[in-house]
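Please read these points with the sequence and the model open side by side. Each point takes up one part of the fold or one group of residues.

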Amino acid sequence: VCVCVSMHCLDSDESCEGISEASFKDAMVFDGTQNNGSVPQENGIKKRRTTLPAPMFSRSDFSVWSILKKCIGLELSKITMPIVFNEPLSFLQRMTEYMEHTYLIHKACSLSDSIERMQAVAAFAVSAVASQWDRTGKPFNPLLGETYELTREDQGFRLISEQVSHHPPISAFHAESLTGDFVFHGSIYPKLKFWGKSVEAEPKGTITLELLNHKEAYTWTNPCCCVHNVILGKLWIEQYGTVEIINHSTGDKCVLNFKPCGMFGKELHKVEGYIQDKSKKKLCVIYGKWTECMWSVDPQVYETHRKSDKKGTTDTKKQKQEEVVGAENDEADDMPEVQETVVVVPGSTLLWRISSRPPHSSEVYNFTNFAITLNEMEPGMEAVLSPTDCRLRPDIRAMENGDMDKASKEKERLEEKQRAARKDRARDEEDWSTRWFNSGTNLYTGSQDWLYNGGYFDRNYTDCPDIY
């Protein structure tokens with residue numbers, strides 16, 4: 001992900017079930033049959049693992065300050081971090097978490113109305129960064145030429161990704177429907193900066209979703225992701241920035257504002273925006289939290305509700321301000337207390353709700369059920385995988401198994417091997433050649449992009465590099 005995004009960045013435990021039952025009183029449910037990546041049952045569907053081989057290593061005895069104190073304001077991609085701050089996934093796998101709520105793309109494919117399709121796509125764009133909530137572990141930087149594949153018959157897609165550049169670090173991915181309904185692709189350059197108390201990840205790169213049966217293409221970029229308290233206090237995450245989703249076929253646009261938490265934390269995790277047609281007429285308002293759920297409602301209904309809501313909250317404003325006096329000088333930027341869950345405007349339509357995390361999530365790097373499965377080596381898989389697939393990375397595998405000493409040594413060995421290979425290429429005046437993606441132009445935005453060549457699933461890996 002800021003894949004995030006958001007992504008390449010450094011994310012407790014609480015599982016977010018969404019909103020209270022009372023909030024549904026006046027709401028119409030968008031889709032009651034969600035295949036949302038939860039653990040499949042033994043009913044003919046492949047059963048996947050529900051935990052990791054070993055619990056996570058405690059980070060409490062380690063200080064990141066000694067490493068970061070010389071890096072304020074600098075780009076962090078070249079800084080080597082101790083492995084204890086990692087999680088046992090490559091960034092390519094972390095990026096694959098975009099696909100957890102693929103049912104929303106299938107929903108968009110099935111809808112006949114373009115505005116309803118945009119609502120589903122907007123919900124998918126928000127859901128794609130939801131797994132970053134409380135994920136403070138840093139994914140492993142992919143080695144140049146590293147790949148990751150994932151096929152999920154139960155969710156109807158397959159995906160291939162490749163690390164196409166090392167400096168700057170660029171990861172390209174291409175996912176497609178198993179029934180030919182959609183293609184989802186993009187490339188992410190997660191630019192990290194350290195700002196004293198926090199690390200900010202800006203996920204540069206365009207994401208494109210093509211709904212083939214509707215001959216529509218949507219593009220957007222992810223919001224910024226910020227990890228607070230990397231020096232002192234409890235780590236916490238916020239995402240902020242404006243995300244514009246453009247339907248290049250109809251001219252419709254969805255503008256989503258991921259709000260920074262603000263001084264009193266009132267806006268923490270909130271997302272608010274609207275869908276407009278090509279004549280800039282606002283057709284619906286979209287609101288919610290990226291950690292919980294997203295809703296859609298008529299703009300006039302939303303404005304009326306907001307005005308009446310403001311009247312009711314004026315009296316309590318002074319009291320709230322008094323409560324936070326004196327909190328401004330705390331050494332750590334404490335995470336604001338999570339406010340009440342999303343207040344649902346009567347007449348709203350539910351677009352998406354986050355899947356609850358497993359009860360032991362805090363012991364497994366705050367992974368979702370979907371993330372837990374990403375590095376699983378299923379029986380027979382090793383014989384067909386590309387030798388560059390991250391499941392075969394010995395440092396990630398050792399960390400997942402709880403062997404931190406081995407993981408650290410293997411990480412150092414792999415990085416040294418990569419440096420030696422780069423020196424050899426420089427000596428021989430050879431350029432690096434990507435295997436599955438080529439640099440090209442995005443057909444819809446006109447900007448530079450990395451486009452899939454095809455052929456990966458033909459299983460011919462004879463000319464793949466030896467990176468492990």
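1. Ground rules. This is a predicted model, in which local features need pLDDT of at least 70 and side-chain atom pairs count only at pLDDT 80 or more, while totals for chains, interfaces and linings use all residues. Residues are numbered from 1 along each chain as its sequence is written, and side-chain values use heavy atoms, with hydrogens and water left out. Helices (H or I, at least four residues) and strands (E, at least two) are DSSP runs, numbered from the N terminus.

2. Two packed helices. Two packed helices are described by the angle between their axes and the distance between the axes. Helix α3 (residues 103-110) and helix α4 (residues 114-127) have axes that come within 8 Å and cross at roughly 170°. α3 is therefore roughly antiparallel to α4. Axes are lines fitted to C-alpha atoms, for helices over the stretch in contact, and angles run from 0 to 180 degrees between N-to-C directions. Angles under 35 degrees count as roughly parallel, over 145 as roughly antiparallel, 65 to 115 as roughly perpendicular and the rest as oblique.

3. The contact between them. On the α3 side are Leu 104, Ile 105 and Ala 108, which meet Arg 117, Ala 120, Val 121, Ala 123, Phe 124 and Ser 127 in α4. Contact means heavy atoms within 4.5 Å. The residues of this contact of α3 with α4 divide into 7 nonpolar, 1 polar and 1 charged. Here Ala, Val, Leu, Ile, Met, Phe, Trp, Tyr, Cys and Pro count as nonpolar, Asp, Glu, Lys and Arg as charged, and the others, Gly among them, as polar.

4. The cover over α3. Of the 8 residues of α3, 6 are buried. Buried means under 20% relative accessible area, exposed over 50%, partly exposed in between (1.4 Å probe, protein chains only). The buried residues are Tyr 103, Leu 104, Ile 105, Lys 107, Ala 108 and Cys 109. Their cover includes α4, β7, β9 and β17 (349-353).

5. Strand β9. How many residues of strand β9 (residues 207-211) are buried? The count is 5 of the 5, so the strand is largely enclosed by the rest of the structure. In a regular strand the side chains alternate between the two faces of the sheet. In β9, Ile 207, Leu 209 and Leu 211 are buried on one side, and Thr 208 and Glu 210 are buried on the other.

6. Partners of β9. Strand β7 (residues 182-194) pairs with β9 in the antiparallel sense over 5 bridges, and Gly 186 stands opposite Ile 207. Two strands pair if DSSP finds at least two bridges between them. β9 also pairs with strand β10 (residues 216-220), again antiparallel over 5 bridges, with Thr 208 opposite Thr 219. The hairpin of β9 and β10 has 4 residues between the strands, and Lys 215 in this hairpin takes a positive phi near 55°.

7. Leu 209. This residue of β9 has a relative accessible area of 0% and is buried. Leaving aside neighbours within four places in sequence, the contacts of Leu 209 include Ile 105, Val 121, Phe 184 and Tyr 218. Leu 209 and Asn 247 are 38 residues apart in sequence and 9.5 Å apart in space, C-alpha to C-alpha.

8. Cysteines. Cys 226 is buried at 4% relative accessibility, and Cys 109 is buried at 13%.

9. Backbone angles to check. Most residues other than glycine have a negative phi, and most peptide bonds are trans. His 269 has a positive phi near 70°; this residue sits in the loop between β13 (253-258) and β14 (270-276). Asn 366, in the loop between β17 and α6 (369-373), has a positive phi of about 60°. Both are buried, His 269 at 4% and Asn 366 at 8%. A cis peptide bond, with omega about 0°, joins His 167 and Pro 168.
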